[in-house]
Amino acid sequence: MATQKEVSVVGSLADLPDHANGARHLVWWGNLGFMLIEGTGFALAIAAYLYVLSHSSAWPPAGDALPDLGWSGVFTLGLLLSEIPNLWLLRQARAKKEQAVRIGILLMTVIGVGLTVIRLLEFGHLNVRWSADGYGSMVWLLMVLHTTHVFTELGETAVQALWLFTHEVGDNQFSDVEDTANYWTFVVLFWLPIYGLVYWMPRLS
Amino acid sequence: MTFALQSNEPKTSERHARLAQTWADAPGIWGFLTTVDHKRIAARYILTTVVLLFAAGMLALHMRLQLSFPELKVLGPQGYNEAFSLHGSTMLFLVSVPVMEAMGIWLVPLMLGQRALAFPRLAAFSFWLYVGGVMTLWVSHALDITPDLGWFEYPPLSGSAYSPGHRADIWAQMITFTEVAALAASVNMVATILKMRPPGMTLARMPLFLWAMLVASLMTIFAMPAVMLVTSMLISDRLVSTVFFAPTQGGDILLFQHLFWFFGHPEVYMIFIPAVGFITAIVETFSRRTIVGHTAMVLSVVAIGVLAFGLWVHHMFAVGLPKLGNSFFTAASLAIALPAGIQVFCWIATIWSGRPQFYTPFLWVIGFIITFVMGGLSGVMTASAPLDLQLTDTYFVVAHFHYVLVGGAIFPLLGAFCYWYPKATGRMMSERWGWASFLLIVGGFNLGFFPMHILGLMGMPRRVYTYDPSLGWSTLNMVATLGSAIAVLGGLIFVANAFLSLWRGAPAGPDPWGGSTLEWAASSPPPQHNFDYTPVVNSIAPLWSEDPLRMLDGVGVSRREVLVSSLAEAHPEYRQKSAQPSIWPLLAAIAVSIMFIGSIFTPWAVVWGSLPIAGALTAWFWPQRPRSKTGPLRVRV
Amino acid sequence: MRRMVSRAVWPAVLLPLPLLCGCSSTQSPLFPAGQQAANLYDLLLLMSMVCGTIYVLVLGFLVLSLVRKRRASVAPNTVVAPPDKGLRHVLVVWSGFIIAALSVLVLGSFLADRGLARMQDAEVLDVRVNGHQWWWRIAYREPGGTSWIETANELHLPIDRTTRIQLVSGDVIHSFWVPNLAGKTDVVPGRNNSLDLTPRKTGWFRGQCAEYCGLQHAHMALDVKVDTAGEFAAWIARQKETAHPPTGDAVASRGLALIETGTCGLCHTIRGTAAQGRAGPDLTHIASRHSLAAGSLPMSRGALQGWIAQPQAVKPGTLMPFIPLEPADLNAIAHYLEQRQ
């Protein structure tokens, strides 16, 4: 029993490629895992918001002004429009087009900076402080949570742009760009329910 | 499945040497700090949890001494409250969950016939960050700023009005540390199990331990964000005056409990489900047959994983929620007894139809069934909403969850430790001392904790540092203390056996127990690259069904490579480059630790603390490739 | 009531151990003295019997599987086993058995829950219990009136009537638990929880806070006395009385003066005097109570004096501060309070 199991080598995997893209790639699954974690966090924060809402007599409570629709509208529109270059970038990365990917990622960095600036302006128009009441705390929770993701994604995109412009791009880096683009789509999609809750829920209830 | 004929790769011994060189760590301290070897990382994890288990055990013994007679002054109220807070937090956040991940980190690649995890550096990062969480709690304890609000820190008691100072924050940030570490480990585990199975190991041929780790990791992914969210909200209430949990200002206290238990209940199963994997592996090997009802086992593990998310309210039956909801949660909580009952049946049926061999790991299976079934049944009692009103927050519940967690997770863990010890060290543990420690631990545990059921029914509440002699709880408390001391003695013998066997144990050989899964095909201890070749699998028990074991070559010898295969059928897809050792996971963990600790004191730490983190992560992921020869930022000669 | 009598026999059948080890019966769900606790006790019996049966079955199966003789013809080595038909049938039976058992328990649980909800009588006595770190403020609605009569740490209930306890918190979460009468209900800030108690036996019982509430959670007990209708009426009439200034007792008068002008009156109320503090327990009838400092000490002159002299030694961390007092002053205060029957 204690002896090494006998083995026989019956074939070789040497002919397999040393790279893959899309859902075949290992890192794609890691990325998906982290999206699940973040998505669960978002979903729970949204549940918490609705919970507090359901236990409040008025939403927003008397005395709180409604959040402004101006900058938030610009941000939302900009975020949705950013999906066009983002999906283009995704396609270029899949096609492994070096120059196009470099241009795309630079474009996404610039768009990210612009959106971040708009987001900061947006914070000035929430019209409630986080310490004012449960409503204010919940609004800020959702906004800060989403903004953190915009920031992180911007940082990642910028660093990736720097690398891509300074190095020869290999297969794995095209996959990395795919992951970044997918993550951006995730950030865009999760904004929609949050936008609805922060800006429209108080107007409906 | 067809494969190319054997290529002209180097011969076995030369191949082994080259692989060893490719996967070698740097020597000395640098190698220690930079290693991404899953076995070294797991060993550290496990050693750390053993040390913490000892510390938490000492705390428990200290509490038992205080309670052995009424009105003792061994520990004052503050000391006692710190002791149970530290004991619970350590056991749940720093021992039980991490040790199960550690077992997965060590075992999953070996059971898959792989050389590494999907994300080796992420595993290193998990460990270092976990160490940060350990230090946060225990260095604080050394500095006498021990959290003293239990392992749950309900507001408003944990709010700044009733808990000034930083004890409460330390607990909350310790959670953040360990949860980030656990989440990272879980993603690693899921990706490895789903995408790195050897050719032929379809989902249907996956050993139950891998199913268990997969389900437990997915549960972590869906449950842990809840506790991170809720502790962050608590810190922000304390630090920047948000009012999430302030009822007078439109917040809600029970929101904390909902979010906490949305995590807290699944956590019990995240600890228990890997144990299901251990028990199944041990039962199969020592009954000399594969598990009865493999499909039923898999389905029940999945069912438990899903149901566990629908039960959290049964921790809140006394808070005054609507009765209809309580009835629903009662039914859901009781329903989980069905898959658990099926599992117990399958194990015993396997023993029944096999030929049991009474080695130490198998003894732990017996101890597990005796103890865990009792805990499960007392769990059925507490799951009833009306009856729970008499049981919750009493010693009945203390008895119940120790039966479940110690009987259902720690006993299987000790069995798993004895079972895989020869694989990890190349030595056998002493059977004689194994029997001794088993009898002392299981006997002492039952002697110590069974009386607590009765104490609870005699009206003794939890978390009291002393009690009035007229209540008549002394005798049973004395017995409980005695039993705990016996169990601790057994624990010390267990650890001593493990240490001494490193030198004195008989050489194990690769497969001392005649195991059925792939890890037994590696040598003991496995070389750093685990396997020279990639195994091919044609059944759930490849070492029993194949002779000789079929292997494939072709996965990198002079470059770190692992095989990536398809999700369901495990068809080989490509060879993935595997990460080199790196110092950056450690530095990133240090940067994250600085931010977490800083944010106890000032919210600005989140801002300036994120810069070093960004730097460390950038360096970590910075691909090493030639400089560009085109474009505006090309290298200029 | 006949059911109650038969129930008194049951604890010995269910768990003889507590009796053997001399456990007291004043704070235990095993000795129900109220309708609610009796319902839960029935459920506990049902659950114990069903779960006990399952446990015995599982252990029996385990022992048999370990010791049963194996046929020598079975191959000694490992088996990648084909599914065993016989065992599969047993598994189906086993699953069916578990489902049946669980259904019984769900049903029993549901019926008990419904029983608890249905309990309210037409005429309900309103009592407000306010949890504080670490004592209970208790207030009775004056019979036929609108004002509230306040006391602390001691609850009196009339037998065979339903009392509705309104639970409010003055600070953190507590849990109100008198196991002989009913299950526990949490006292949650911002929530209005209530609990019905219908006592069926007279006598003294003990309750204790069951939700960890900070440093002295262990010393947050309350005494519960189930009275006959007459006793209860007399008790509440006496609690309603305000304090008269002591006459012809110079030491007592001095004690009251110290309470009114010194630190005591800042936190404590003695109705009818200048002491009108609200932070601590009402002391108007303190000497009538069974115990002191939320169940920390049995009531006596010595306990009173010791508690006032060294509260932090009796109950470390209590919010009652240490006030340095001359021995004569201490004596006078204790002497006065001793008379507050």
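Why is strand E8 (residues 193–197) of chain C largely enclosed by the rest of the structure? In strand E8 of chain C, 4 of the 5 residues are buried, so the strand is largely enclosed by the rest of the structure; a residue counts as buried if 20 or more other C-beta atoms lie within 10 Å of its own, as exposed if 12 or fewer do, and as partly exposed in between, with C-beta atoms placed from the backbone. This is a predicted model, in which local features need pLDDT of at least 70 and side-chain atom pairs count only at pLDDT 80 or more, while totals for chains, interfaces and linings use all residues. Residues are numbered from 1 along each chain as its sequence is written, and chains are lettered from A and ligands numbered from 1 in the order in which they are written. Helices (H or I, at least four residues) and strands (E, at least two) are DSSP runs, numbered from the N terminus.

**Chain C**

- The secondary structure of chain C comes to 10 helices and 12 strands, and 40% of its 341 residues count as buried.
- Among contacts in chain C between residues at least 6 apart in sequence, 65% join residues at least 24 apart; two residues are in contact if their C-beta atoms, placed from the backbone, lie within 7 Å.
- Strand E8 of chain C is joined by 5 bridges to strand E5 (residues 162–169) of chain C, and the two run antiparallel; strands pair if DSSP finds at least two bridges between them.
- Within this pairing, Thr163(C) stands opposite Leu197(C) of E8(C).
- Trp136(C) belongs to strand E2 (residues 135–141) of chain C and is buried, with 27 other C-beta atoms within 10 Å.
- Leaving aside residues up to four places away in sequence, Trp136(C) touches Val129(C), Gly131(C), Ala152(C), Asn153(C), Leu222(C) and Ala294(C).

**Contacts between chains**

- The most contacts among the 2 pairs of chains that touch are between chains B and C, where 77 residues of chain B are in contact with 74 residues of chain C.
- On the side of chain B that touches chain C, H11(B) gives the most, with 11 residues, and the classes are 46 nonpolar, 24 polar and 7 charged residues.
- For these classes, Ala, Val, Leu, Ile, Met, Phe, Trp, Tyr, Cys and Pro count as nonpolar, Asp, Glu, Lys and Arg as charged, and the others, Gly among them, as polar.
- Between chains A and B, 55 residues of chain A are in contact with 69 residues of chain B, and H1(A) supplies the largest share of the chain A side, 14 residues.
- Strand E1 of chain A and strand E2 (residues 549–553) of chain B run parallel and are joined by 5 bridges, with Ser8(A) opposite Arg550(B) in E2(B).
- No contact joins chain A and chain C, whose closest C-alpha atoms lie 11 Å apart.

**Chain B: domains**

- Chain B is divided into domain 1 (38–581) and domain 2 (585–621), with bounds that come from an automatic or database domain assignment.
- The C-alpha centres of the two domains of chain B lie 29 Å apart, and 15 residues of domain 1 are in contact with 11 residues of domain 2.
- H5(B) gives the most to the side of domain 1 that touches domain 2, with 7 residues, and that side has 8 nonpolar, 5 polar and 2 charged residues.

- Helix H10 (residues 323–335) of chain B has 13 residues and reaches 18 Å from its first C-alpha to its last, close to the 18 Å expected at 1.5 Å a residue; the expected span is 1.5 Å times one less than the number of residues.
- The buried residues of H10(B) are Asn326(B), Phe329(B), Thr330(B), Ser333(B) and Leu334(B), and they lie on the same side of H10(B) because they cover an arc of only 130° around the axis, the arc being that of the directions from the helix axis to the C-beta atoms.
- What covers these buried residues includes helices H11 (337–353), H12 (360–382) and H13 (385–391) of chain B together with helix H4 (85–117) of chain C.
- Gln357(B), in the loop between H11 and H12 of chain B, counts as partly exposed because it has 13 C-beta neighbours inside 10 Å.
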